[in-house]
Amino acid sequence: MLKNTRFHTALLMAASSLTLAACGGGGDVDADIVVLHRGNSAEPLTLDPHKASGTWENNIIGDMFIGLFTDDAHGAPIPGMAESWTVSEDGLTWTFELREAVWSDGEPVTAGDFEYAFQRILNPATLAQYASLLYPIENAQAVNSGEMPPEAVGVEAIDDNTLEIRLENPAPYLPGLLTHYTTFPVPSHVVEEFGDQWVQPRNIQVNGPYRLVQWATNNFVHVERNERFFDNESVCIDEVFYYPTVDAAAGVRRVQNGELHLNNEFPGQHIDRLRREMEEYVRVYPYMGTVYFSINNEIDGFADPRVRNALGMAVNREFLAEEIYRDGRSAAYSLVPPDVANYAGGVSAEWASLSMDERRELARELLLEAGFGPDNPLEFEYSHRSTGDNPRIAPVVQQDWESIADWVNVDIVQIETQIHYENLRSADYQIGDGGWIADYNDPYNFLFLAEERSIPMNYSRYRNPEYDDLVARANQELDMEVRASMLADAEQMMIDDMPIVPIVFYVNRAVVSPEVTGWEDNIVHIHRTRFMCLEGAQAEAGSSGDSSAD
């Protein structure tokens, strides 16, 4: 059960009463407050759009801020702050006219706020770990590396309502990229006044549908309706609580018990039982993402592609997909999932068609060639996330690797998810699990992860100038079919080197109460609260009163 402040307990009781009413069991719906309780995987490390890096942070930040584009209920990009836009003939210059909107304190949202935001996130002093996502923008990499001043980035406020973005290469996927939190505006007048403390509840100002009220660490994040949001009259939910449901099974139980309206994950091994017990709650849908293991290429033994391939081929992906996950995931032999837009596909590890016995024999031969054996055992640590199915995957993979030979020894270490990703970014690991969920529907959003310039998001520290050059030339190509083929060639080059080990292609899983309306399963698994409601509740602008800054 929840052990929160008396303030939160009172809110939870009020929300429970509302839930009963919304289901038709408690009389009239209380029109004064409509509260949604969301299970959200993990504790956010930050709510600053320029310092975040997790999907669980995106779920909150994307409810508070709106970029030039935003995600609709189906996860597709739609205009946000952009009212209209034009693109130059060469595809390199995009000019946006902004809609009239204000921050939650009533100050206008201007093109200058966007210009300020792009300069801030790319300024190396900000230490934005996700800044490399913006490298398609003119001078972004040079600014982020400190070679040029922040003012050199190709984002310019022509006037208060007109923003120009200049690109290094054509980017047909730009609207999708501009839904990502790295591209969100920030209130320059607030950031300048409060510095890193600007995201504290007492200071923060937002341009999205919800404003931060309270952050009780490792307990909940509480937001409430922003009355000044430009589409506030269409918003139904007045308040949202996000809970770090690290234990997905416990999160499911809280949904079953009526404590949460939804949890954005459930353990795959429970799917059959959940479909028997609460079928109308269970949501499974294809996901634009890949589970993969990163191999730290800076470690001597792992610098050899023979070793990396040996470890890659020894993992029985089909067994993991069919017997451990059991939720529709499929074995992955490439980083880019099927059906990604603008892509030729057809990439696979060359040994993918071999039987597991044949793979283990080949893996043993490769390790012997690389100098490992009875007199020089291969010993390493495999670290994994504490959430979801990852603790169940670890001993299976350990057994796969140790089945190569009795001189392969693997230690398993479970680490809290946020800390694990920090370790990956800082290369403080040997082999580590992880997953990548696409930020926009284009193969480059996967392939940039192997570019040297993408370190630290390139967890493996893979460095291949030939790969980098091919990806760069592909992104300059205006013919989309030629570009797709070049990117596939680049991915094949990378998969042959095996700096990372693709494991399975994701599906997204959630349990959602039938009383929640507006939840639409989609390929990006993004579900903005502004499009949701509770059955029987009515969207009423201004229903929750003035926003609190405390």
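Ser513 touches His261 and Tyr281, leaving aside residues up to four places away in sequence; contact here means heavy atoms within 4.5 Å. The residue is placed in the loop between β17 (500-512) and β18 (516-517). Helices (H or I, at least four residues) and strands (E, at least two) are DSSP runs, numbered from the N terminus. With a relative accessible area of 8%, Ser513 is buried; that term stands for under 20% relative accessible area, while exposed means over 50% and partly exposed lies in between (1.4 Å probe, protein chains only).

The model is predicted, and local features need pLDDT of at least 70, side-chain atom pairs count only at pLDDT 80 or more, and totals for chains, interfaces and linings use all residues. Residues are numbered from 1 along each chain as its sequence is written, and side-chain values use heavy atoms, with hydrogens and water left out.

**Aromatic rings**

A pair of aromatic rings is described by the distance of the centres and the angle of the planes. Rings of Phe, Tyr and Trp (its six-membered ring) pair if their centres lie within 6.5 Å; planes under 30 degrees apart count as stacked, over 60 as edge-to-face and the rest as tilted. A search of the whole structure finds 22 such pairs. One of them joins Tyr173 and Tyr440, which are stacked at 4.5 Å centre to centre with 10 degrees between the planes. This pair links distant parts of the chain, 267 residues apart: Tyr173 is in the loop between β7 (162-166) and α5 (174-177), and Tyr440 in the loop between β16 (431-437) and α14 (444-447). Tyr173 is buried at 4% relative accessibility, and Tyr440 is buried at 3%.

Phe293 and Trp401 form an edge-to-face pair, because their planes stand at 65 degrees, with the ring centres 5.9 Å apart. Here too distant parts of the chain are linked: Phe293 belongs to strand β12 (residues 282-295) and Trp401 to helix α12 (residues 390-402), 108 residues apart. Both Phe293 and Trp401 are buried. Elsewhere, ring pairs link Tyr130, Tyr181, Trp436, Tyr444 and Phe448 into a cluster.

Charged side chains also lie over rings, as the table shows; the criterion is NZ of Lys or CZ of Arg within 6 Å of the ring centre and within 35 degrees of the ring normal.

| Charged residue | Ring | Distance from ring centre |
|---|---|---|
| Arg99 | Phe230 | 4.1 Å |
| Arg254 | Tyr243 | 4.9 Å |

**A sheet and its helix**

Four strands form an open sheet in the order β4-β5-β7-β6, with antiparallel pairing; two strands pair if DSSP finds at least two bridges between them. β4 (82-87) and β6 (155-159) stand at the edges with a single partner strand each, so one side of each has no neighbour in the sheet. Five bridges join β4 to strand β5 (residues 93-98) in the antiparallel sense, and Trp85 stands opposite Phe96 in β5.

Helix α3 (residues 111-122) packs on the sheet, touching β5, β6 and β7, and its direction makes about 165 degrees with that of β6. Such axes are lines fitted to C-alpha atoms, for helices over the stretch in contact, and angles run from 0 to 180 degrees between N-to-C directions. Nine of the twelve residues of α3 are buried, so the helix is largely enclosed by the rest of the structure. Among the buried residues are Phe114, Phe118 and Leu122. Their cover includes β5, α4 (140-144), β6, β7 and α6 (188-194).
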